[in-house]
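Hello,

Here is the structure we talked about handing over. My notes on it follow below.

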Amino acid sequence: MLSKQGSDGGKRTSLHGHWSSRMAFILAVTGSAVGLGNIWKFPYIAGQNGGGAFVLVYLLCVVLIGMPVMMSEILIGRRGRRNPIATMELLGKEEGSSGNWKWVGGIGVVAGIFILSYYSVVAGWVLAYVPKSMSGVFAGATSEQVSAIFENFTGSWWQVGLAHTVFMGLTIFVVARGVERGLEQAVRFMVPALLFLMLVLLGYSINSGSFGEGVEFLFTPKWEDLTWGSVLAALGQAFFTLSIGMGAVMAYGAYLPEETSITGASGAVVIADTIIAILAGLVIFPLVFANGLSPGEGAGLVFETLPLAFGGMAGGVVFSSVFFVLLAFAAWTSALGLVEPAVAWLVEHHNRTRAQAAVMIGGLIWFVGLGSVLSFNVLSELRFLVRVDTDGDGVKDAYGTIFNNVDFLTSNIMLPLGGLLITVFAGWVMCRNSTADELGGAGTTYRIWRVLARFLAPLGILIVLINAVMS
Ligand code: TRP
């Protein structure tokens, strides 16, 4: 049971202690934000949605919708100082609305479980690429050979299943021991190191001969290719990459010291996350064009381009191994954020120990993830619901696999819906005094946030969701 506290708003303290500093909070949120979303998903989704126009819409979504949603999540978290479900219930009552707002936290717990179910499968690919890199198979390989390695690997249900199992095992291990805070150090080292290796790759990409073509693909909008479907993909990607819309950032906000600026911290995370995604795009698309690959390749895009670059550079075996280790680390810190809401909830409401909760939730996620494991091999022909483009020509020509469906329903439906409810709560349900108190007074930044949170973000999300689902 949670202790009863008076409704003294900002004076509440968290049950689990506080971040040691503003920097620790920024590092934790950056660690959850920077992951496969930036390096694997952003280039692959941008490639499938025609590049330029998609990227521009994505950036608009990040700034005009992502940023106010993130600020709303953090301020709600800090005011409630509990797990997202309990926080939404408490603040819902305290602000004179209803305890039913707890269901927003509930959607988030479920979204986290489903996202991790396929996230872990792709993180498993990354893990598997570490020994592959070390063995030297990519050294001097042609693009056909690199693609064949990817297809042989994902075509094998047991290899993909084993990698997924290892990644979930690592995640459960850390969650069970409750040593996430130790990862603060890992993030401190990992993000700069990843940035450094991305810059090395960028150097290679600039010399690939197709840098201009890559830049043009990424930044020249071809508006005629933009559909409501790709606008929804851009919105979903903005939510996914920033880890918002499911209460993860809200959970972290619960441990944020009173005096830290929420706007400043959100801005720092958004900028760091966006730089890494754009950098990934700048590395990958020139390689795609230089090697005659298709930008709309799909989920394998990064695994079929980066090993080519590493294979062609001096010291490539070392760079490649280190790169995949770092990427696995980035995925790991994100995975912890994805399970935390579910684990915290089991511990607080069902009196489980952290270890029991980690094994139960982790086991469930592992099991659900088997659907995504099999999507690339045994069940690759089991297709339903969502439409996808299978040959990279921009036309959605087939139904999607289990993996495609889980990805679509979580990123493009559940996260935006969660974000919509969160901004409506912060902008309309919470009174002006409460939010102004958390955002440091009623200055210009506050007024901009309030307009975005009350009008632009919820209406924007609603318009995109309705149009995309109708079309
Ligand atoms: N942002 C992560 C990435 O880009 C993925 C993610 C989505 C996430 N929602 C999250 C991570 C919630 C932690 C918590 O890879």
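A salt bridge here is a side-chain nitrogen of Lys or Arg within 4 Å of a carboxyl oxygen of Asp or Glu. Please keep in mind that this is a predicted model.

Salt bridges

The structure contains eight salt bridges. One of them joins the side chains of Asp407 and Lys41, with N to O at 2.8 Å.

Another salt bridge is formed by the side chains of Arg79 and Asp437 (3.3 Å, N to O). Because Arg79 lies in helix α3 and Asp437 in helix α17 (residues 432-438), the pair ties together parts that are 358 residues apart in sequence. Arg79 is buried, with a relative accessible area of 8%, whereas Asp437 is partly exposed at 45%.

Arg81 pairs with Glu258, and their closest N and O atoms are 3.1 Å apart. Arg81 is in the loop between α3 and α4, while Glu258 is in the loop between α11 (248-253) and α12 (262-290), 177 residues apart. Relative accessibility is 1% for Arg81, which counts as buried, and 36% for Glu258, which counts as partly exposed. Through shared partners, salt bridges join Arg78, Arg79, Arg81, Glu258, Asp437 and Glu438 into one network.

Glu95 lies in the loop between α4 (84-94) and α5 (102-135). Glu95 is buried but has no salt bridge: the nearest side chain of opposite charge is Arg79, 4.3 Å away, and the cut-off for a salt bridge is 4 Å. Beyond its neighbours within four places in sequence, Glu95 contacts Arg79, Val429, Met430, Cys431 and Ser434.

Helix packing

The axes of α2 (residues 36-48) and α13 (residues 301-311) come within 9 Å and cross at roughly 110°, which means that α2 is roughly perpendicular to α13. On the α2 side the contact is made by Ile39, Trp40, Pro43 and Tyr44, and on the α13 side by Leu301, Val302 and Phe303. These contact residues comprise seven nonpolar, no polar and no charged.

Leu59

Leu59 belongs to helix α3 (residues 52-80) and is partly exposed, with a relative accessible area of 26%. Not counting residues up to four places away in sequence, Leu59 touches Thr274 and Ile278. The C-alpha atoms of Leu59 and Ala238 are separated by 7.8 Å, although the two are 179 residues apart along the chain.

Regards

Note on methods. Residues numbered from 1 in each chain as written. Predicted model: local features only at pLDDT ≥ 70, side-chain atom pairs only at ≥ 80, totals over all residues. Heavy atoms only, no water. Axes fitted to C-alpha atoms, helices over the stretch in contact; angles between N-to-C directions. Helix = DSSP H or I, 4+ residues; strand = E, 2+ residues; numbered from the N terminus. Parallel < 35°, antiparallel > 145°, perpendicular 65-115°, else oblique. Contact = heavy atoms within 4.5 Å. Nonpolar A, V, L, I, M, F, W, Y, C, P; charged D, E, K, R; others polar. Buried < 20%, exposed > 50% of the residue type's maximum accessible area, 1.4 Å probe, protein only. Lys, Arg positive; Asp, Glu negative; His and termini not counted.
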